[in-house]
Amino acid sequence: MFRRILIANRGEIALRILRACRELGIETVCVYSTADRNAPYLRLADRAICIGPGPAEESYLNISRIISAAEVADVDAIHPGYGFLSERADFAAICRDCKIEFIGPSPEAMAKLGDKVACKQTAKANKVPIFPGSEGAVDDEEEAVKIADDIGYPVIIKASAGGGGRGMRVCRNEASLRSNIRAAQQEALAAFGNGAVFIEKFLEHARHVEVQCLGDKHGHAVYLWERDCSMQRRHQKIIEEAPGPGIERKKMQTVCEAAARLIKAAEYSGAATVEFLMDEKQNFYMLEVNTRVQVEHPVTELITGIDIVKMSILVAAGLPIPFKQKDVEIRGHAMECRINAEDPDRNFMPSAGRIDTWETPGGPGVRLDTHVIPGYVVPPNYDSMIGKLIVHADDREQCIERMARALREFRVGPIKTTIPLHSRLMEHSDFRRGGIDIHFLERLLK
Ligand code: MV4
């Protein structure tokens with residue numbers, strides 16, 4: 001097992017990893033930027049090392065500074081958390097060259113699944129459902145038009161190196177496709193250094209359903225079922241829940257098995273999420289694979305009882321996954337509300353500053369993952385998530401009641417947060433019925 005781990009992240013996920021390490025008896029080294037110098041979780045680490053100023057490029061994204069800190073502190077491994085360097089195959093390769101274990105997949109597995117064209121090809125070979133569309137990258141306009149004629153409009157152009165909604169164009173007819181294909185290639189090249197684009201059938205009404213998987217270095221892969229993450233705005237999720245409301249279990253199991261096959265085929269180790277869109281008839285189409293621990297992992301932890309962050313560490317150390325697929329059972333329902341320092345009444349404008357009032361919910365089935373304490377100052381440099389409220393109950397209805405109750409207990413000021421929006425959603429009849437899709441929030445906020 002690792003003796004000492006460097007946590008190459010900040011905020012709630014740095015604290016979440018720190019807690020997992022403490023329980024595993026692993027020493028922790030936190031790195032921090034000057035903007036985070038007073039972050040309370042740093043005091044819980046065995047050692048804290050300043051790696052630079054506030055801008056992420058000069059601190060949490062600065063590979064040489066993080067590697068230097070890892071060398072100085074003599075760590076065995078680096079946990080990247082989510083965001084920042086977590087999906088950078090070049091960083092994973094540098095860690096390997098420095099004989100530091102990267103807690104996540106190998107650079108090869110990361111590249112194979114991170115490139116959307118390559119990922120779709122591996123998915124197809126492993127009978128993972130995908131959208132009809134180009135087999136690989138589309139080279140020119142005529143090829144694109146031929147494929148679109150074949151699958152029918154509307155189609156969507158996506159960048160192979162894109163993700164999270166960046167570099168996508170919807171085309172509803174041939175003229176639009178013709179005028180967009182070259183621009184999309186040029187934009188992809190400029191934005192991602194890779195001009196490869198592909199096209200697929202565009203689905204108008206859908207839910208975002210993702211499958212949590214785990215792989216180890218012994219060729220095993222398991223799934224921990226799904227999360228519904230349809231409640232989002234501009235590709236930022238705001239509520240996630242599990243299991244997906246109304247999804248037929250047998251159907252979901254088939255899709256989960258396919259997701260685990262893909263992870264196994266890529267010889268993947270660590271936590272991975274296979275994203276799907278689900279249509280009204282509960283047909284699934286793979287979107288992409290996230291090669292990291294995700295923000296919403298606690299939802300799955302609560303319904304399965306499996307500690308995903310601990311698992312990511314154990315498998316990186318070379319241990320086999322300590323349970324079998326048949327031992328993974330779903331217990332009840334879980335939901336997460338992301339608490340962002342934003343003003344929902346002012347177009348989600350960031351609301352940084354000192355948090356004087358911080359009265360947090362508790363009681364049965366309530367978990368709060370946050371690095372905030374009263375008096376904490378939200379720095380303006382990073383994303384606005386200041387905590388995650390996660391609740392667990394026997395069924396979805398009780399889960400929503402419990403979330404509504406916990407949200408009422410939560411008092412934060414003077415900064416603005418997404419708490420009032422969440423309270424409103426818990427009362428919304430369509431949401432309560434499970435009538436959600438990826439456009440729900442945009443419709444509500446109009
Ligand atoms: C799609 C799609 C419809 N049809 N692909 C957006 C993020 C990226 N991961 C893929 N995305 C989409 N791909 C096809 N063929 C609609 C979206 C999409 C979306 C997906 C998940 C969650 C929210 C979304 C919001 C807008 C569009």
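Predicted model: local features only at pLDDT ≥ 70, side-chain atom pairs only at ≥ 80, totals over all residues.
1. **Who surrounds the ligand.** There are 17 residues around the ligand, and the closest are K158, E200, K201, L203 and E288. By type, the shell holds 8 nonpolar, 4 polar and 5 charged residues.

2. K158 places a polar side-chain atom 2.9 Å from a nitrogen atom of the ligand. K201 and L203 use their backbones instead: a polar backbone atom of K201 is 2.7 Å from a ligand nitrogen, and for L203 the distance from a polar backbone atom to a ligand nitrogen is 2.9 Å. How much of the ligand does the protein bury? On its own the ligand would expose 520 Å², and the protein buries 91% of that.

3. **Where the shell comes from.** Strands β6 (155-163), β8 (197-201), β12 (270-278) and β13 (284-290) each give two or more residues to the shell around the ligand. The ligand lies between domain 2 (130-201) and domain 3 (207-444), because both give residues to its shell.

4. **The largest nonpolar core.** In soluble globular proteins, nonpolar side chains tend to be buried together. Here the largest nonpolar core has 90 residues, and L6 and I78 have the most contacts inside it. Helix α8 (residues 249-265) is the element that gives the most to this core, with 8 residues. Domain 1 (4-103) and domain 3 (207-444) both contribute residues, so the core lies between them.

5. **Two cis peptide bonds.** Another cis bond joins G413 and P414, with omega about 0°. P414 belongs to the loop between β22 (411-413) and α12 (419-427).

6. F84 is a residue other than glycine, yet its phi is positive, near 40°. You will find F84 in the loop between β4 (77-79) and α3 (89-97). Is F84 buried or partly exposed? Its relative accessible area is 26%, so F84 is partly exposed. N347 also has a positive phi without being glycine, near 55°, and it lies in the loop between β15 (342-343) and β16 (349-350). With a relative accessible area of 54%, N347 is exposed, since the cut-off for exposed is over 50%.

Notes:
Residues numbered from 1 in each chain as written. Heavy atoms only, no water. Near = heavy atom within 4 Å. Polar contact = N/O pair within 3.5 Å; in protein donor to acceptor, adjacent residues only side chain to side chain. Areas by Shrake-Rupley, 256 points an atom, 1.4 Å probe, with all protein chains shown as cover. Helix = DSSP H or I, 4+ residues; strand = E, 2+ residues; numbered from the N terminus. Nonpolar A, V, L, I, M, F, W, Y, C, P; charged D, E, K, R; others polar. Domains from an automatic or database assignment. Core = buried A, V, L, I, M, F, W, Y, C linked by side-chain atoms within 4.5 Å. Buried < 20%, exposed > 50% of the residue type's maximum accessible area, 1.4 Å probe, protein only.
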